[in-house]
Amino acid sequence: MLMNNLKKSDPEVYDLIVAEGDRIERGVELIPSENFVSKAVMQAMSSVFTNKYSEGYPGRRYYGGQEFVDKVERLAISRAKELFGAEHVNVQPYSGSPANHAVFFALLELGDKFMGLDMGCGGHLTHGSPVNFSGLSYTAIPYYVDRETEFIDLDEVKRAAVKERPKMIISSLTAYPRKLDFKGFQEICEEVDAYHLADISHIAGLIVGEAHESPFPFTDIVTTTTHKSLRGPRGAMIMCRKEDRLHDLYHPDTKKNQAQLIDSAVFPGLQGGPHDHITAAKAVAFSEALRPEFKTYAGQIVKNAKAMAEELMVQGVKLVTNGTDNHLMVIDMRPSGLTGKGKQLQTAMDEAGITLNKNSVPFDEARPFNPSGLRLGTPAVTTRGMGEGEMRVIARCIARVLGDYKDKSALEKTKQEILELVSDFPLYPDFAVLE
Ligand SMILES: *Cc1c(COP(=O)(O)O)cnc(C)c1O
């Protein structure tokens, strides 16, 4: 119904949406931060809630007409609490980066020291990159993975923390294929009087599906995007303990507890009106994630990643840390003589119907714009219903492209094989209903 209107009123944009639908339908989506939401989530996103202004929080708004917005935001919050076992939840952050910004803004002073995983080792831009607010406005002390094992070494993190005395330590990953020891991070933070921020954007779905250890209830603050493995709309949330463990040390002059500091940082500190249509869609996604099937889904994501990693290694492909424990893996192309060829390989994979992204590998000698690695993961293909058998087929296709990336006819052949594979897994089989 909605799409029918669009087709008439703006055929140009309509055609682009249809073309994008076709692109994802005909390829395999392996970017580990991407996923496909349910039609229910999509419908909530395109609802009348997009029109509303509701600066403030439920029961304390600056505009009228909040009867239903308040209900939907309270619903999203209570479902998030149930899902994660969180004490306090703010569902208003527009996306992951603003959510992290709000935590910095709430708890740190400009220039304060904090520690985050180096981007080349799998950390996110907002964990201290020199071109990001986090590295520009605060003093970022990166920690690295071990050069030999490529695993995070908590003893090293602790040594650096004791020496540097940061005010916050971030435990997180965007391109690190192993599990995070949240308890270990929290212990270090308690020892050096630092806040512990666990940014679980990538692995939130695995955590609620019990396929990864949870940072709850002990972690001070947890941020997450809602659109990655959690399979919700594009957005984020902040969860935290109500009381500030370090209040007397760092915020003796305010009566606000940690939850209040964070809420004020989100609004009015950094944001204006919340995106109520996204809040509604978050509530829908949280209820989907509360169902028992979601646990099966999360477990399958990890099984699929392991199957794909195994087959890639059988094919002679080198993986960072030689495998995966989560939903993602990083191919290290240096041993294959493809140092600094990430861009070319990403393009070749696109031509073969395989969507993934170029990525730095730990201690990469090549530049981030054309690095020596490829990052891939399984949340989206698992949503599509694929299992370990399909993962092995895709892995063999990837290995072939790595060998023949300049050979256009080989890429075309792989593309046909991928097309055949995906034809058994329609993505939005009932998408036409929207038209
Ligand atoms: C994706 C991601 C973010 C940022 O999310 P955006 O919605 O792209 O701003 C932050 N932290 C981590 C760990 C991420 O993976």
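Tutor: The part to look at is an open sheet of seven strands, in the order β4-β10-β9-β8-β7-β5-β6 and with mixed pairing. Strands pair here if DSSP finds at least two bridges between them; the strands (E, at least two residues) and helices (H or I, at least four) are DSSP runs, numbered from the N terminus. This is a predicted model, in which local features need pLDDT of at least 70 and side-chain atom pairs count only at pLDDT 80 or more, while totals for chains, interfaces and linings use all residues. Residues are numbered from 1 along each chain as its sequence is written, and side-chain values use heavy atoms, with hydrogens and water left out.

At the edges of the sheet are β4 (88-90) and β6 (139-143), each of which pairs on one side only. On average, and with direction ignored, neighbouring strands of this sheet are turned by 20 degrees against each other. Axes are lines fitted to C-alpha atoms, for helices over the stretch in contact, and angles run from 0 to 180 degrees between N-to-C directions.

Within the sheet, strand β7 (residues 168-172) pairs with strand β8 (residues 195-199) in the parallel sense, over five bridges. Here Ser172 stands opposite Asp199 in β8. Helix α11 (residues 258-270) packs on the sheet and touches β4, β8, β9 (221-225) and β10 (236-240); contact means heavy atoms within 4.5 Å. The direction of α11 makes about 160 degrees with that of β10.

Altogether 15 residues surround the ligand, the closest being Ser95, Ser97, Asp199, His202 and Lys228; a residue is near a molecule if one of its heavy atoms lies within 4 Å of it. The shell divides into one nonpolar, 12 polar and two charged residues, with Asp, Glu, Lys and Arg counted as charged, Ala, Val, Leu, Ile, Met, Phe, Trp, Tyr, Cys and Pro as nonpolar, and the others as polar. Helix α5 (residues 96-107) gives the largest share of this shell, three residues.
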